[in-house]
Amino acid sequence: MLVQQILFVIILAATGYVVWRRARGIARNIRMGQGELQTDRPGERLRNMLLVAFGQKKMFKRPWPAILHFFVYIGFLVINIEILEFIVDGIAGTHRIFAPYLGGLYPVLMNIFEFLAVAVLASCAIFLLRRNVAKVRRFWSREMTAWPRLDANLILTAEILLMIAILTMNAADQWLQVRTPEKYPASGTLFFSSMLMPLFNEMSTAALVVTERVAWWFHILGILGFAIYITYSKHLHIVLAFPNTYFAPLKPRGQMKNIEVVTNEVRAMLGLGDAPQTGAPGRFGAKDVNDLSRISLLSAYACTECGRCTDECPANITGKALSPRKIMMDTRDRMEDISRSLAKGGPGLDDGKSLFGDYITREEINACTACQACVEACPVMINPLEIILDIRRYIAMEESGAPAAWNAMFQNIENNFAPWKFPPSDRFNWANEGSRTQ
Amino acid sequence: MAELAAQGRSPEVLFWVGCAGSFDDRSKRVTRAFVKILQSLKIDFAVLGTEEACTGDPARRAGNEFLFQVQAINNIQVLNGYNIKRMVTTCPHCFNTIKNEYPQLGGNYAVEHHSTFLQRLIDEGRIVLKEGGTFKGRRITYHDSCYLGRVNGVYEAPRAVLAALDADLVEMKRSRAKGLCCGAGGAQMFKEPEPGKKDINVERTDEALNTNADTIAVACPFCMTMMRDGVKAREKESEVAVKDIAELIAERQGL
Ligand code: SF4
Ligand code: SF4
């Protein structure tokens with residue numbers, strides 16, 4: 001037992017260290033962004049977090065996947081309470097340490113865990129079928145290359161295996177409770193796993209002990225492995241959906257963020273204010289991830305790659321290159337590439353590449369209608385449009401690279417105060433036209 | 001507006017016409033229809049006339065923040081100069097910019113889109129539409145404008161206005177929060193679409209045509225252009241009309 005205990009503590013500590021390092025790297029990447037995460041109006045923020053992240057409010061716009069996802073989510077949250085017992089047992093070398101303390105409550109809890117385990121198992125199986133057999137469109141679009149697809153399938157399969165491990169462990173345990181009750185405290189009858197008991201009927205007690213241990217180790221190692229894995233995966237949303245909904249901007253949806261420097265400059269130009277303070281104004285708009293706001297970067301890590309945004313995007317629906325999900329995925333990929341470069345002693349941000357140009361193309365940026373369907377659709381309050389508009393600002397103001405038709409439109413507004421080439425003196429002509437007017 | 005100001009008067013409400021409403025031939029008809037409604041109800045309103053200028057929305061959404069701010073700050077100077085408090089506009093983009101973006105630059109006005117304005121006039125009984133009438137048996141489908149609906153949450157007012165017409169209202173599959181864009185937003189109105197399989201306005205028009213409506217109702221000058229182009233592309237101009245909600249009210253009232 002002692003060997004197992006020492007091994008367990010070492011693995012636990014190592015996992016903790018790796019996860020901590022990853023978390024630090026991700027936090028550093030997010031801090032590359034501009035401005036602070038906003039914390040004003042905490043009440044509203046808390047409400048958003050509770051309703052949207054915890055309550056999954058926006059998921060329920062599509063009820064079927066929402067219900068299945070809800071099982072996986074609740075199952076995951078609740079079964080993790082059992083992990084607490086795993087960890088205490090693992091360190092102390094005990095077996096089901098909570099059973100004697102919780103008395104009659106223990107079997108109730110265990111049965112709830114098992115029910116959820118079965119629900120998770122079934123949901124994950126259906127999800128796998130939906131993705132791979134029914135081939136739901138949004139899981140097969142262009143940005144869903146080999147890795148994102150594998151990522152999703154890996155997690156679903158891992159969840160299924162972990163749940164099977166729990167049920168196996170409980171089934172073996174219930175036999176052991178019958179055969180050596182002095183070592184295995186009674187857990188009461190567990191509805192689902194007791195159905196598996198006949199499978200282990202023939203096994204010797206020694207084999208049962210091994211089976212129970214193997215399932216126990218498989219489950220806990222799986223969970224610890226999962227903790228490391230998610231930091232590289234879209235499954236990070238199970239953690240970051242919470243801060244992302246909390247820090248999501250509360251400004252009106254239709255308001256683009258103001259660039260103060262420009263306001264000052266324009267006011268000075270029109271003789272309405274003091275001349276702007278000298279000093280480099282920095283870059284207008286965004287060329288690379290460090291020009292984006294921190295909330296955009298946090299969002300990129302919180303993105304679930306569910307593709308609900310892309311599914312509703314008019315540009316994507318009609319075959320344009322733009323996909324709002326890809327905007328978020330590219331932003332995360334760029335940050336991760338920077339991390340990897342730095343870890344190898346490379347140049348990081350200054351590697352000669354940039355988010356706009358090497359990851360996101362002009363064609364994608366130019367295709368957006370700013371319709372906000374993506375913003376409305378996202379279940380974790382991500383705003384892909386913000387990144388698109390930041391890049392447009394870079395293109396128009398730093399590169400003067402807007403499409404020719406837009407440059408003509410700019411010129412018309414500048415000279416005629418209208419986006420078309422009509423003289424401003426004609427602006428009131430509508431009143432005198434039309435036979436039935438006046 | 002300048003004339004009123006010269007007389008030392010200020011109107012109850014300023015009608016912000018918008019560039020499309022001022023220059024686009026089709027949208028000018030919407031402007032005139034709305035004005036007729038206002039005049040028939042003896043509402044005390046004014047327009048800026050040649051003093052109005054683009055709100056800057058297309059420039060901002062195309063990335064030109066500098067040009068947007070020049071437009072916005074100039075407009076705010078004019079509006080504040082006339083001490084304007086209340087505004088109404090037939091353009092959701094102007095509405096959004098004035099409502100959500102001008103306050104940051106010192107322009108604070110109670111601005112309304114004409115859909116909520118008309119709805120209130122109907123609710124207050126100032127616009128009276130008699131039972132039956134010419135719209136009985138007509139089928140109307142309403143196309144949500146992104147900047148009115150999804151962005152500013154106005155879904156019901158235009159529908160309430162249409163419901164008062166006593167026609168059959170039919171919904172498209174994608175409506176309200178899920179309404180599909182007409183394809184003009186984000187300054188797309190002012191350039192050719194990027195390469196793709198289909199034009200967005202045609203995709204949306206097909207959806208509207210599938211409802212078998214004889215009228216596609218819109219509440220935005222850009223949606224108007226896009227949907228009309230879509231109907232033309234499908235060669236249905238003789239069967240299906242694209243109308244602004246203000247035009248439909250004016251028509252029903254025989255104005
Ligand atoms: S705002 Fe742009 S990216 Fe988002 S759904 Fe609309 S067109 Fe697509
Ligand atoms: S941005 Fe939101 S809707 Fe789009 S893929 Fe990510 S989580 Fe899903």
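For the first exercise, Ala, Val, Leu, Ile, Met, Phe, Trp, Tyr, Cys and Pro count as nonpolar, Asp, Glu, Lys and Arg as charged, and the others, Gly among them, as polar. The model under study is predicted.

**Exercise 1. The ligand shell**

Task: Determine how the residues of the shell around ligand 1 divide into nonpolar, polar and charged.

Solution. Begin with the members of the shell: 13 residues surround ligand 1. The closest are A:Cys313, A:Cys368, A:Cys371, A:Gln372 and A:Cys374. Next, locate the helices that contribute: α17 (373-377) and α18 (384-399) of chain A each supply at least two residues of this shell. Finally, apply the classes: 11 residues of the shell are nonpolar, two are polar and none is charged.

**Exercise 2. Aromatic pairs**

Task: Classify the ring pair A:Phe422 and B:Phe23, and then the pair A:Phe428 and A:Trp430.

Solution. Rings pair if their centres lie within 6.5 Å; planes under 30 degrees apart count as stacked and those over 60 as edge-to-face. Over all chains, this rule gives 19 aromatic pairs. For A:Phe422 and B:Phe23, the ring centres are 4.9 Å apart and the planes stand at 5 degrees, so this pair is stacked. Because A:Phe422 lies in the segment after α19 (404-416) of chain A and B:Phe23 in helix α2 (residues 19-23) of chain B, the pair joins two chains. A:Phe422 is partly exposed, at 32% relative accessible area, whereas B:Phe23 is buried, at 5%.

For A:Phe428 and A:Trp430, the centres are 5.5 Å apart and the planes at 85 degrees; the pair is therefore edge-to-face. A:Phe428 is partly exposed, with 34% relative accessibility, and A:Trp430 is buried, with 5%.

**Exercise 3. A cluster and charges over rings**

Solution. Ring pairs link A:Phe8, A:Phe86, A:Trp216 and A:Trp217 into a cluster.

**Exercise 4. The interface**

Task: Describe the contact between chain B and chain A, and state how much area they bury between them.

Solution. First, count the residues: 69 of chain B are in contact with 63 of chain A. Second, take the area: the two chains bury about 5,800 Å² between them, 65% of it on carbon and sulfur atoms. Third, within chain B, the residues that lose the most area to chain A are B:Phe23, B:Arg32 and B:Phe190, together 12% of what that side buries.

How values were computed:
Residues are numbered from 1 along each chain as its sequence is written. Chains are lettered from A and ligands numbered from 1 in the order in which they are written. This is a predicted model: local features need pLDDT of at least 70, side-chain atom pairs count only at pLDDT 80 or more; totals for chains, interfaces and linings use all residues. Side-chain values use heavy atoms; hydrogens and water are left out. Rings of Phe, Tyr and Trp (its six-membered ring) pair if their centres lie within 6.5 Å; planes under 30 degrees apart count as stacked, over 60 as edge-to-face and the rest as tilted. Helices (H or I, at least four residues) and strands (E, at least two) are DSSP runs, numbered from the N terminus. Buried means under 20% relative accessible area, exposed over 50%, partly exposed in between (1.4 Å probe, protein chains only). A residue is near a molecule or strand if one of its heavy atoms lies within 4 Å of it. Contact means heavy atoms within 4.5 Å. Buried area is the accessible area (1.4 Å probe) that two parts lose on being put together, summed over both.
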